[in-house]
Amino acid sequence: MARHLPIVEMRSSIRGDGTRVTVHPADLTGRFHNLRRVLFAVLMLVYVAVPWVNIGGHPAVLLDLVARRFYLFGAVFNAQDVWMLFFLLSGIGFGLVALTTIAGRVWCGYACPQTVYLEGVFRPIQRLIEGPREKRMRREANGWSFDRIWRRVLLWAVYLVIAAGIAHVFLGYFTPIRALGELIKAGPSASPQAFAWTTAMTAVMFFNFAWFREQTCVAICPYGRLQSVLTDPDTLVIGYDEKRGEPRGKSKKGPAPEGTGDCVDCNRCVVVCPTGIDIRNGLQLDCIGCARCIDACDEVMDKLERPRGLVRYDSLMGLSHEPRRFLRPRLGLYAVLGLMGILASSLAYSRHKPFEANLLRITGAPYALDNGTVRNAYNIHVVNKQNRRVVFHIEPVTQQGASYVIPLPVVTLDSLAGTNSPVFVTVPEAQFHGDFTVRLRVRAEGLADTEIRTVEAPFLGPSR
Ligand code: SF4
Ligand code: SF4
C-alpha cells in the first residue's frame, strides 16, 4: 500500500450551495461513549476546580496579565520568565503532534474543550429540552411552531446562563476567583475590562455552542486542518473495514450471506456522527475521532450476532489487512522535538532563581571627586520571585579601602515586587588604580546560604 494518506475532503455538514446542514446526532450507548462521558466529567471538574485551589497562599494557576504575574502550581513567574513558556509550549505542541501521528485525533475526540463542553453539557441539555433526534428533525421540518419556539427560547436561555458560567470560571484563571464575587457585586463600572472580556467570551461561547458547533472543528480549527500532514497510513484512526463490509447486504441475524459483506447499510454509523460523516466513504478531514460510529456499528453487529469491529480503531494499513509499522522516522522526529522542549523548559525551571539581583550604575556623571576621594553611585535592583513576602539584606563584600553607604540595607518585598535602592561607594583617590570592582551580597531571610547572590559592577575614576 502506498505510504500517503488518502484523506477525503468533503463537507458533510455543508451543502454544495454553501448552506448548512443541521446535524442532529442520534442517541447512543457503548463503551467509548461511556469512557468519554467519564472523561468529560473529570475534565470539567478539573477546569472548574483549578482556580479555587490555593498553593502557598496563591491560586494554583493564575495568569495575572495586568500585573504580569503568573502563578503555576506554587511557582511564581514574571514577564522576564515568559521565554520559558516558549520551550514548554513547543514541547507540548510537538508532544501533541507525536500523539496525533500515533493515535490520530484522540485529543479532539476525548479532551478538546470544544468536544468536552458540546458533548458533555450542551447536547445533553438540548436532548432534555428538545427531545431525541427524530423529534427535533420533525419539529424543524414543520417550521417555527409554538412548540418549537418555547423549547428553543428555554434552551437558549439555559445555554446563555451556562456560557456565562464558563466565561466566569475562565476569567478565574486571570483574576483571583475569590475576588470575582466582589467584582460582580461592584458592577461593570468597577472593572470595565473584565466585564468586557467576560461579556465577549459569553457571546462567543453562546454562538459556538448554540449554533456554530461542529463548524468550529471542520472549518476553523487549524489542528484539524493539519491532520493530513501529521498522520500517515500507520496512524491509528477510526475507519471502516471495506474488505469486510462490502458489498453491503441485508439485515439478517448470523453470518453475512454468501456474496455480501457485513455492512447492512443501516446508516446507524452516519446518524450518530456529530459532524454528519459517513465513515464508509473513507478517512475524512471532518472526522473528529469521537468513536461514536464504532459504538453504533458494534451495537448493530451485536444484534446481528456478528463480530464487532467493522468500524474500529485501526491504521489504514490494518484496515487494508496489511501489516502496520509502529516506529517510523517522523514519529521519532516529533518525539525528540517534544522531549527537547519539555527538557529545556524543565531545566530552565530548575534554574529558576528565588530572587533577581543586579547592580546598575546610576546614569549621569560616572564618578565624583570629593576631598581626595572618588565616589560612584549605583542602584541595586532586587526582585522577589517567591510566592511569599521576603526580607532581603544588602551587605558590602569587604574590600580594602572602599567605604559603602547603603541607605536601605534591609528591604521587605511582596511576591514579585521589586526595588531599586541607591548605593554609594567611596575609594580614596590614592588607592584607586583603575581596576576596582564593587561587590555586594544579597541575602534573603528563609533561604539557604547557597542562594546568597553576589552582584558586582566596575568602579570608575580618573585615569592615571
Ligand atoms: S466519523 Fe465516526 S469518529 Fe468520525 S466524527 Fe463521525 S462518528 Fe466521530
Ligand atoms: S453501522 Fe455498521 S452496518 Fe450499519 S451502515 Fe454503518 S458500517 Fe454498515
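Strand E3 (residues 61-64) and strand E4 (residues 69-72) are paired in the antiparallel sense over four bridges. Strands and helices here are DSSP runs numbered from the N terminus, with at least two residues (E) for a strand and at least four (H or I) for a helix; two strands pair if DSSP finds at least two bridges between them. The bridge partner of Val61 in E4 is Leu72. The hairpin of E3 and E4 has four residues between the strands, and Arg68 takes a positive phi near 55 degrees there.

E4 is also joined to strand E5 (residues 75-78), by four bridges, and these two strands run antiparallel. Leu72 has Ala75 as its bridge partner in E5. Two residues lie between E4 and E5 in their hairpin, where Phe73 in the turn has a positive phi of about 45 degrees.

## Basis of the description

This is a predicted model, in which local features need pLDDT of at least 70 and side-chain atom pairs count only at pLDDT 80 or more, while totals for chains, interfaces and linings use all residues. Residues are numbered from 1 along each chain as its sequence is written, and chains are lettered from A and ligands numbered from 1 in the order in which they are written.

## The largest nonpolar core

The largest nonpolar core has 30 residues. Such a core is a set of buried Ala, Val, Leu, Ile, Met, Phe, Trp, Tyr and Cys residues joined through C-beta atoms within 7 Å, where buried means that 20 or more other C-beta atoms lie within 10 Å of a residue's own, with C-beta atoms placed from the backbone. Helix H9 (214-220), strand E6 (237-240) and helix H12 (268-271) are among the elements that each supply at least two residues of this core. Its largest share, five residues, comes from H13.

Cys293 is among the residues with the most contacts inside this core. Beyond its neighbours within four places in sequence, Cys293 is in contact (C-beta atoms, placed from the backbone, within 7 Å) with Ile238, Cys269, Val272, Cys273, Ile279 and Val311.

## A four-stranded sheet

Four strands form an open, antiparallel sheet in the order E13-E11-E15-E16. Strand E13 (410-413) and strand E16 (453-458) are the edge strands, each pairing on one side only. Five bridges join strand E11 (residues 390-396) to strand E15 (residues 437-444), and Pro396 stands opposite Leu440 in E15.

Methods
A residue is buried if 20 or more other C-beta atoms lie within 10 Å of its own, exposed if 12 or fewer, and partly exposed in between; C-beta atoms are placed from the backbone. Two residues are in contact if their C-beta atoms, placed from the backbone, lie within 7 Å.
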